[in-house]
Amino acid sequence: MNSQQFEQIKNGKGFIAALDQSGGSTPKALKAYGVNEDEYSNEDEMFDKVHEMRRRIMTAPSFSNEKILGAILFEQTIDREVEGKKTADYLWEEKKVVPFLKVDLGLMEEADGVQLMKPITLLDELLERANERHIFGTKMRSTINSYSEVGIKAVVDQQFEIAKQIIAAGLVPIIEPEVNIHAEDKEKIEAKLAEEILAHLNKLEENELVMLKITIPTKPSTYEEIANHPNMVRVVALSGGYPTEEANARLKKTPNCIASFSRALSQDLRASQSDEEFNQTIKEAIDGIYDASVNKA
């Protein structure tokens, strides 16, 4: 593990940018960016378009470790280049932004109010590639849509089981049990989720370190004990469908938690913008998310 990167993620001031839209969410992300489906004719062209969007974000002057601690990348992205370097090397060597990799393969059908991750086939090979590409950590997402003790336990059990495999490969896993922002019993779900996560953290060995990515909780202090646990590197929050302004306002009230936003980071970016317009727009988004991450209400 790179100790400089670890120190930055553990104690740095800033947030983690999520640039990991995958196959299913890519057309939606491109459409929001102003690139319609008639502008590419196959999957390769689609991923070329989304890499160009990501490249534009990563090369923006404001995208640096002054306010951004890390960036979560899609699997394809780590094999592509930015400014003549592999993406992760560009991020760290040029921007001092720590690279993470999304490793999950999407979600299973809902059962017991939750969607577990599909089996992550060839995970060992992917982790080997991640190490070769100088990746610091990983991220994997499940979803919780309604209150079910059985379902919530199953989500956390699966997340920690795979996290141990990732830790054994020398990487820091971000576990992401996302709670649907429209869930009827959102606060109750989050209380039970925190209880399950804490139980697992207490069983880890001293050197087994994880991160947690959560939906911004209804009760701001829900994950405070978890954030202070010796096995927890950092707690980060997804924007979860909230518009940027609302996500920032909610995050500002949440102690010991920084942002790991995707949509809220890029929602006002457009392919048609001049470089000057694009760079100013992303600067404003970065400034707002940074403020909500480090200056708590």
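A residue is called buried when its relative accessible area is under 20%, exposed when over 50%, and partly exposed in between (1.4 Å probe, protein chains only). Helices (H or I, at least four residues) and strands (E, at least two) are DSSP runs, numbered from the N terminus. The model is predicted: local features need pLDDT of at least 70, side-chain atom pairs count only at pLDDT 80 or more, and totals for chains, interfaces and linings use all residues. Residues are numbered from 1 along each chain as its sequence is written, and side-chain values use heavy atoms, with hydrogens and water left out.

Helix α11 covers residues 275–294. Its buried residues are F278, T281, I282, A285, I286, I289, Y290, A292 and S293. Seen down the axis of α11, these fall within an arc of 165°, so they line one face of the helix. The arc is that of the directions from the helix axis to the C-beta atoms. The length of α11 also fits expectation. The expected span of a helix is 1.5 Å times one less than its number of residues. For the 20 residues of α11 this gives 28 Å, and the end C-alpha atoms are 28 Å apart, which agrees.

F278 belongs to α11. Its relative accessibility is 1%, so F278 counts as buried. Contact is defined as heavy atoms within 4.5 Å. Leaving aside neighbours within four places in sequence, F278 is in contact with Y33, R56, I57, L269, R270 and Q273. R56 lies 222 residues away from F278 along the chain, yet their C-alpha atoms are separated by 8.5 Å.

T77 is also buried, at 1% relative accessibility. T77 sits in the loop between β2 (68–73) and β3 (81–82). Not counting residues up to four places away in sequence, T77 touches H51, R54 and T87.

On a 1 Å grid over the protein atoms alone, a cavity is a set of points where a 1.4 Å probe fits but cannot get out; a pocket is an open set with protein on both sides within 12 Å along at least five of seven lines; lining residues have an atom within 4 Å of a point. Grid points are joined across faces, edges and corners, and a volume is the space filled by probe spheres set on the points.

The largest pocket holds about 1,000 Å³ of space. Its lining has 36 residues, of which Q21, S25, R141, S262 and R263 lie nearest the centre. Two or more lining residues come from each of α2 (26–33), β7, β8 (172–179) and α10 (263–266). The largest share, 4 residues, is from α2. By class, the pocket lining divides into 9 nonpolar, 16 polar and 11 charged residues. Here Ala, Val, Leu, Ile, Met, Phe, Trp, Tyr, Cys and Pro count as nonpolar, Asp, Glu, Lys and Arg as charged, and the others, Gly among them, as polar.

The whole structure has 1 cavity of 30 Å³ or more. The largest cavity contains about 30 Å³ of space. P220, Y223, E224, A227, V235, T254, P255, N256 and C257 line it. This lining has 6 nonpolar, 2 polar and 1 charged residues.

N256 has a further feature: a positive phi of about 55°, although it is not a glycine. N256 lies in the loop between α9 (244–252) and β11 (258–259). At 39% relative accessibility, N256 is partly exposed. H134, likewise not a glycine, has a positive phi near 65°. H134 is placed in the loop between α5 (123–132) and β7 (137–144). Its relative accessible area is 48%, so H134 is partly exposed.
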